[in-house]
Amino acid sequence: MPRASLGRDLALLVAGAALYGAVLGSWSGARLAGYAAVKLPLVLLATCAFTLAANALVATLLGEPEVARRSLRLTVGAMAVAALLLASLTPVAALFHLSLPRPSPEARTTHNLLYLMHTGFVGGCGLAGAWRLRRALAAACRKPENARRLFAAWVITLALVGGEVAWVLRPFVGSVYEPVAFLRDDALDGNVYEFVWSDVAPHLLTGRPPAEEE
């Protein structure tokens with residue numbers, strides 16, 4: 001992939017993620033919409049950066065030095081596809097936001113459903129981006145089994161790291177209890193999986209009022 005293609009993919013990644021980020025934060029108002037438009041591209045870029053060494057190491061250990069050298073371009077390309085697909089979903093997400101009640105303690109269930117909707121959109125678009133990565137690895141690897149192993153390792157790494165980066169940079173949807181902020185004071189506490197398992201899911205299933213939210 002030529003250097004110009006890397007620059008193009010970076011530009012598409014930032015633009016697509018910023019557009020979706022603006023809609024993502026718009027439920028809580030223009031201020032969080034602006035914050036999320038900055039933070040969502042940061043999530044994708046930081047995920048690329050934090051997984052780069054691990055992905056390159058796995059490729060090297062499997063005897064695929066060419067893939068190791070192209071790790072940055074392959075990862076950014078997959079993220080760019082995900083960001084473009086997210087941008088295409090902004091009208092759908094915006095329509096949902098416009099039809100919902102404004103944030104308040106009584107809108108707790110609305111918040112959780114909105115949170116899960118956006119998580120599904122981001123996850124689905126990430127999988128679509130991974131399909132480009134799968135095809136690129138299949139073409140670049142010398143052995144088909146290495147392409148499958150690398151794909152599995154990269155997708156797991158990207159998902160785990162991306163989820164945690166997004167958790168640290170929260171809020172994105174906002175909160176029905178907390179004021180709008182660029183970052184939370186407790187940004188390093190807990191993790192996204194614990195939050196969904198112990199907070200969002202129990203509230204939606206039982207109506208139990210939890211202690212905090214995204």
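Author: Let us begin with a definition: the expected span of a helix is 1.5 Å times one less than its number of residues. Please keep in mind that the model is predicted.

Reader: What span does α7 reach from its first C-alpha to its last?

Author: Helix α7 has 25 residues. At 1.5 Å a residue, the expected span is 36 Å. The helix comes close to this expectation, for the distance from its first C-alpha to its last is 36 Å.

Reader: What percentage of the residues of the chain count as buried?

Author: A residue is called buried when its relative accessible area is under 20%. The chain has 214 residues, and the share of them that count as buried is 43%.

Reader: Are α6 and α7 roughly parallel or roughly antiparallel to each other?

Author: Helix α6 covers residues 108-140 and helix α7 covers residues 144-168; their axes lie 9 Å apart and the angle of packing is about 150 degrees. Angles over 145 degrees count as roughly antiparallel. The two helices, α6 and α7, are therefore roughly antiparallel.

Reader: Which residues of α7 does α6 meet?

Author: The crossing of these two helices, α6 and α7, is right-handed. From α6, the residues taking part are Ala 130, Leu 133, Arg 134, Leu 137 and Ala 138. Their partners in α7 are Ala 147, Leu 150, Phe 151, Trp 154, Val 155 and Leu 158.

Reader: Which residues of α4 make the contact with α2?

Author: The axes of α2 (residues 30-61) and α4 come within 9 Å and cross at roughly 145 degrees, and the crossing is right-handed. On the side of α2, the contact is made by Leu 44, Thr 47, Cys 48, Thr 51, Leu 52, Asn 55 and Ala 56. On the side of α4, it is made by Ser 71, Leu 72, Thr 75, Val 76, Met 79 and Ala 83.

Reader: Is Ser 71 buried or exposed?

Author: Ser 71 is found in helix α4. Leaving aside neighbours within four places in sequence, Ser 71 is in contact with Leu 52, Asn 55, Ala 56 and Trp 154. Its relative accessible area is 0%, and therefore Ser 71 is buried.

Reader: What distance separates the C-alpha atoms of Val 180 and Leu 32?

Author: Val 180 has its place in the loop between α7 and α8 and is partly exposed, with a relative accessible area of 26%. Leaving aside neighbours within four places in sequence, Val 180 is in contact with Ser 28, Arg 31, Leu 32 and Tyr 35. Although Val 180 and Leu 32 are 148 residues apart along the chain, their C-alpha atoms are separated by 6.4 Å.

Reader: Which residue does a cis peptide bond join to Arg 170?

Author: For this cis bond, omega is about 10 degrees.

Notes: Residues numbered from 1 in each chain as written. Predicted model: local features only at pLDDT ≥ 70, side-chain atom pairs only at ≥ 80, totals over all residues. Heavy atoms only, no water. Buried < 20%, exposed > 50% of the residue type's maximum accessible area, 1.4 Å probe, protein only. Axes fitted to C-alpha atoms, helices over the stretch in contact; angles between N-to-C directions. Helix = DSSP H or I, 4+ residues; strand = E, 2+ residues; numbered from the N terminus. Parallel < 35°, antiparallel > 145°, perpendicular 65-115°, else oblique. Left-handed = near helix turned anticlockwise from the far one by under 90°. Contact = heavy atoms within 4.5 Å.
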